[in-house]
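I am opening a notebook page on this model. My entries follow the order in which I looked things up.

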Amino acid sequence: MRAGIVGVGFMGWIHYLAYQRSDQADLVAFCSRNEAKRGGDWTGIKGNFGPPGEQIDVSGMNVYESLDAMLADDSIDLIDICLPPSLHAEAIEKSIAAGKKVLCEKPLALTADDARRLAELGGPGDVMVAHVLPFMPEFGLLVDAAQDGRFGRPIAGRFKRTISPPDWIPDFYDPTSVGGPLIDLHVHDAHLIRVLFGMPDSVESSCIRKDSVPKFYETLFRYPDGRPVSAGGGVIDSPARGFTHGYEVSFERATIQFEFAAYADETTATIPLVILHQDGRVERPDLGGGDPISSFVKELDAAAESIRSGEVSPLLDGNLAADAIQICQWQV
Ligand SMILES: NC(=O)C1=CN([C@@H]2O[C@H](COP(=O)(O)OP(=O)(O)OC[C@H]3O[C@@H](n4cnc5c(N)ncnc54)[C@H](OP(=O)(O)O)[C@@H]3O)[C@@H](O)[C@H]2O)C=CC1
Ligand SMILES: O=C1CO[C@H](CO)[C@@H](O)[C@@H]1O
């Protein structure tokens, strides 16, 4: 798969690093509005994980000023969209019209209706959505176990995801720009909940709002068979806890627990993934070194394999991503 990135920011950089390691996906082009970035100076890029941006070698790549110019490049199979959420729709529409496949960063769109429309553009599987959680070993194990039934079916889940104020994202709370913590942050858990438990019938949510947008929330997802599934988090009013995510998920024959937190003093705290078996055994599987880029390599490889085989990975499916946005929207 030969890809071109649009949106050279935090995710553009992380995807760039992942392409360097992938043996199934090649980065052949990128476009940027910024002249210095087009020259390879990506040093100003910052995010909340991974290394800071560096000077990159652009000599082997086709570099464009705009998406429109990049779309005329016949050497590109896939447009990798790393733009802010409100710009996803137009970039997807143009890319599909130009005959390209798409891998778009989450959230696919700001509303479920828009997401559903975008998911259906082009041929089946032409619009893939980069939800990375299932490609992270700690979350992938849940997805694999739900798929192969090794512990029975999932019967309960409790998820959390909290960040400090994301001052680096302009318009974070603007529903027409980024969408706020539910659409931009909780959507990771909403997607995972959809994958593990299916679509809930309804939700019951309490929240504190900033302006009219939920900022800190706790939600119960109602399933017809009564399985208790909940999620909570959002933005705390302090820069002290940069990022936390975790869960406790029960299957019929095992409960799995995991949590990770990163603090402003550069320390971290982890409950490494632990499997509590029905027979009393405590299992701590070795999930590797915890390198964040390797999950993105797996995500790109899944996109490449989807294009090669013509069968889109269910984890990248656009309609599933639209369902995740619907779950978020129900909580607003
Ligand atoms: N999977 C994950 O773990 C994460 C996913 N994300 C998602 O990735 C996407 C991008 O987020 P992130 O990388 O943090 O955002 P950034 O703001 O860091 O980067 C976005 C880039 O898009 C381009 N851009 C911004 N505004 C415009 C504009 N008006 N017109 C054209 N191009 C523009 C810019 O690149 P340039 O200057 O080159 O044109 C900018 O650097 C979002 O959908 C976000 O939700 C974000 C963080 C983590
Ligand atoms: O995981 C993440 C951390 O927080 C950011 C702000 O909501 C998100 O964009 C990102 O997906």
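Which residues of the largest nonpolar core touch the most other members? I worked on a predicted model, in which local features need pLDDT of at least 70, side-chain atom pairs count only at pLDDT 80 or more, and totals for chains, interfaces and linings use all residues. Residues are numbered from 1 along each chain as its sequence is written, while chains are lettered from A and ligands numbered from 1 in the order in which they are written.

Core entry. I found that Leu108, Ala303 and Ile325 touch the most other members among the 90 residues of this core, a core being a set of buried Ala, Val, Leu, Ile, Met, Phe, Trp, Tyr and Cys residues joined through C-beta atoms within 7 Å, and buried meaning that 20 or more other C-beta atoms lie within 10 Å of a residue's own, with C-beta atoms placed from the backbone. Helix H7 (residues 180-197) contributes the most, with 9 residues, helices being DSSP runs of H or I with at least four residues, numbered from the N terminus. I noted that the core lies between domain 1 (2-130 + 302-309) and domain 2 (134-296 + 322-330), because both give residues to it; the bounds come from an automatic or database domain assignment.

Domain entry. I read 25 Å between the C-alpha centres of domain 1 and domain 2, and their contact (C-beta atoms within 7 Å) takes 22 residues from domain 1 and 18 residues from domain 2. H1 gives the most to the side of domain 1 that touches domain 2, with 5 residues.

Ligand entry. I listed Asn48, Ile163, Pro166, Asp184, Leu185 and His188 around ligand 2, each with its C-beta atom within 6 Å of the ligand, and H7 gives the most to this shell, with 3 residues.

Note on methods:
A residue is buried if 20 or more other C-beta atoms lie within 10 Å of its own, exposed if 12 or fewer, and partly exposed in between; C-beta atoms are placed from the backbone. Helices (H or I, at least four residues) and strands (E, at least two) are DSSP runs, numbered from the N terminus. Two residues are in contact if their C-beta atoms, placed from the backbone, lie within 7 Å.
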